[in-house]
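Welcome! Have a look at the sequence and the 3D structure below, and then we will walk through some of its details together.

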Amino acid sequence: MTIKEESYRLSNLKTLEAESISIIREVAAEFENPVMLYSVGKDSSVMAHLAIKAFYPKKVPFPLLHIDTGYKFPEMYAFRDYYTKMHNLDLKVHRNEEALKKGISPLSVGTVKCCAELKTKALLDALKEGGYDAAFGGARRDEEKSRAKERIYSFRDKHGQWNPKDQKPELWNLFNSKIDPGESIRVFPLSNWTELDIWTYIYHEKIEIVPLYFAKKRPVIEKYGQLIPVYTDEHEEETKEVMCRFRTLGCHYCTGAVRSEADTLPKIIEEMMVARHSERITRIIDQDQDSSMEQKKKEGYF
Amino acid sequence: MKGSDSLVERNQNIDLLRFATAGSVDDGKSTLIGRLLYDSKSIFEDQLDLIKTFSKTHRNQDIDYSLVTDGLKSEREQGITIDVAYRFFSTPKRRFIITDTPGHEQYTRNMATGASNASLALILIDARNGVVTQTKRHSFISSLLGIRNFVVAVNKMDLVDYSEEVFENIVSEYNAFSDKLSDESIYYIPISALKGDNVIERSANMPWFQGSPLLDYLENVNISGGRNLTDFRFPVQYVNWGGDDFRGYCGTISSGVIHKGEKVRVLPSGKTSEISKIVTYDGDLDYAFAPMAVTLCLEDDIDISRGDMIAKVDDLPVIAGSLEANVVWMDSAPMEIGKDYLIKHTTSTVKGNFSEVLHEFDPEDISMKPSEFLRLNEIGKVKVELKTPIFADIYSENKITGSFIVIDPHTNQTAAAGMITKYNQVSPDKACKAVKTKVIRYPGDKREEAQANYDRLSMQGTHCIYVDDDLLLETLCKGIPVDSEQYSDTIEDLCKIVTKSGVSVVLCSDHLSS
Ligand SMILES: Nc1nc2c(ncn2[C@@H]2O[C@H](COP(=O)(O)OP(=O)(O)O)[C@@H](O)[C@H]2O)c(=O)[nH]1
Ligand SMILES: [Mg+2]
């Protein structure tokens, strides 16, 4: 490396940050009506932070959309409202009220059907109602094997479906934004980040996240080899207090906690570096079938 | 937590190598990547368990490493790679982003997708088959894309008794072919992806091979042909304004460095101004460089929109009205000569058409053959006429301002990828009245340098003329003494006339007016 290269060196995180900001701006410039999916999790916090940076000193020029299944952790709702207000973000919330009225839950119809109604259908309806032609998602390629195959601009047909066998080529950082009316794209500005990058970035940038990510003594029951938090006194018998935290956040029925002492960011990062299991192991929904994520994505899920 | 703090810092400052696999189907690309990730303990246990279960039930083996990257259902069902997989891993020395690409000819565009952001190509060859057409096609595409570091891994050595002779024969076969590429640096290595020979550990089966194992090489190789830090280019991506009097131009620096206070010129208007502020969320900066994403503010109120280009006053890209480019055709619908396509180049999308295929390349030996138009997966050099000019550089000098994609306006397909090799400058009054042509002066004894620069400029399509004392004394200044005022005035007048019509002058003389 020459002296010149050495003095104009960008750290890994700053390089990833620049790439993501560039993608976010490109979509804002080329699409009529973009929206940013906001799931309240750590990746969403990072993505929202990058959007704020991209348009600083102005306001983020598109809304954030939360697909609310109604079964998120109470701490998530509190954090969502606090975070979006604090950063002057335009928050939209959508729920599949009809399904909720029918009493659909993982307990009544199983996880596959529940996800299809409360996540996939709710998402597709919300995108249609809002007339959004581009939707940002916080998925990373290191998360799961079918995500490792997805482009940064991922095309969806009129029914919001993905065809993994026929993706458009995507060379350099030149993105093809041409779509027909009714079609849309999903955009993944965090594609090239790893879970470790996300955590070190949160640490460096002092980004706020839902407190559930930090270890604390919580009442849980042990089920499917996972620690499931308890919010009512239904399971009084089996409930125990365990020092634990969440690696990902989803619905309280389907997201397990892991035993952990990591109650600060440096401790979480240290834990990450020796982790032997992927973060998705705490998602009960991904383990339904061998290709469950790919299947859900084909149907329109993020 | 001092321990993890320093770990975090180290993780941030080790450099990143992006590499892409290449080679024919079944040469072992996916197996090698799976092996590399497995042996370096980069696969999570739950993911590994899934792979092992699938291997036992469907493949009748303990572990099929290709399942690590072949993540789509149809890929696992058919046992092939269809699209690029992106995998991430790091060692204490380096971070890696691997793109594992498909080998089938029909998926060539996915291979090009994976290779376009890589700085090293890992080319696999099946020791039993030697160099085949796909090996050559992928090597050629990697070379066209500007990759200058190749690793050629001769795989499945376990099936040829780890024979040195087989390896050496393939090395000479590939060498004979690669002579026709650009000057890549090539590292040859015999491996067995399946058994792990020379992947991470040196192979005991091939004591005759003295080089380092693959991972060791990848951790230490010096990567050439990186960023351009010389020529500042800033394609305006998004104009940020409204409400108050803030007006900033958002974008990603394609190349070069910019300081606060520096003089810039905006294309196509040609207007000049100074950088008043370099704005980021983390505070204003004194300078910024590629590939940072920043917001620039200018001293003067100039009309600037997305697709405009900001560069330094004395170092501008060319305002190109037509191009010559190497093109990889990626659409099942063949190229139509004369049809209007959309050309996306940096942040601007313009209409353009192909006027002519200059030649098609035969991947077998990189020979050129005549061709009317290009079909799916064909590669050729073409002429492009643009309806609106773009602000371009040559691909070999600037990857970002030298590349473009072609979009079919009827199907919205990404039809082709192009790399600019030559441009024709639009005459100044057509595109940009204020763009100044240059008089590039050399002292009288630097004639060779001056001529070389003239050759380079005109080869790239810049309108320019070459003038030196010999030429002047033969013509315009016949009989005029070289140290007279008349002599130097004649030179100045000549430069004035020529530059007025948008033509630059490369001037080599010691007899100029002071
Ligand atoms: N004997 C042997 N077989 C190999 C080796 N590497 C790969 N294979 C096999 O070759 C086949 C094709 O491998 P794959 O990785 O899918 O090739 P790709 O199409 O280049 O990705 C699989 O059956 C592998 O098990 C090797 O080093 N030795
Ligand atoms: Mg493969």
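Where is the place of B:P268 in chain B? B:P268 sits in the loop between strand 11 (263-267) and strand 12 (272-279) of chain B. Helices (H or I, at least four residues) and strands (E, at least two) are DSSP runs, numbered from the N terminus. The bond between B:L267 and B:P268 is a cis peptide bond, with omega about 10 degrees.

B:A290 and B:P291 are also joined by a cis peptide bond, and here omega is about 0 degrees. Look for B:P291 in the loop between strand 13 (287-289) and strand 14 (293-298) of chain B.

## How to read this model

This is a predicted model, in which local features need pLDDT of at least 70 and side-chain atom pairs count only at pLDDT 80 or more, while totals for chains, interfaces and linings use all residues. Residues are numbered from 1 along each chain as its sequence is written, chains are lettered from A and ligands numbered from 1 in the order in which they are written, and side-chain values use heavy atoms, leaving out hydrogens and water.

## The magnesium ion

Find the magnesium ion (ligand 2): B:S30 (OG) and B:T81 (OG1) coordinate this ion at 2.0 to 2.1 Å. B:S30 belongs to helix 2 (residues 29-39) of chain B and B:T81 to the loop between helix 4 (73-78) and strand 2 (85-90) of chain B, so the pair ties together parts that are 51 residues apart in sequence. Donors are N, O and S atoms within 2.8 Å of the metal (3.2 Å for Na, K and Ca); water is not among the atoms, so sites may look incomplete.

B:S30 is buried, at 8% relative accessible area, and B:T81 is buried too, at 9%. Buried means under 20% relative accessible area, exposed over 50%, and partly exposed in between (1.4 Å probe, protein chains only).

A:V40 is not a glycine, yet has a positive phi of about 80 degrees. A:V40 lies in the loop between strand 1 and helix 3 (42-55) of chain A, and is buried with a relative accessible area of 1%.

In chain B, look at B:I366: this residue is not a glycine either, and its phi is positive, about 55 degrees. B:I366 is in the loop between strand 18 (348-362) and strand 19 (367-369) of chain B, and is buried, with a relative accessible area of 12%.
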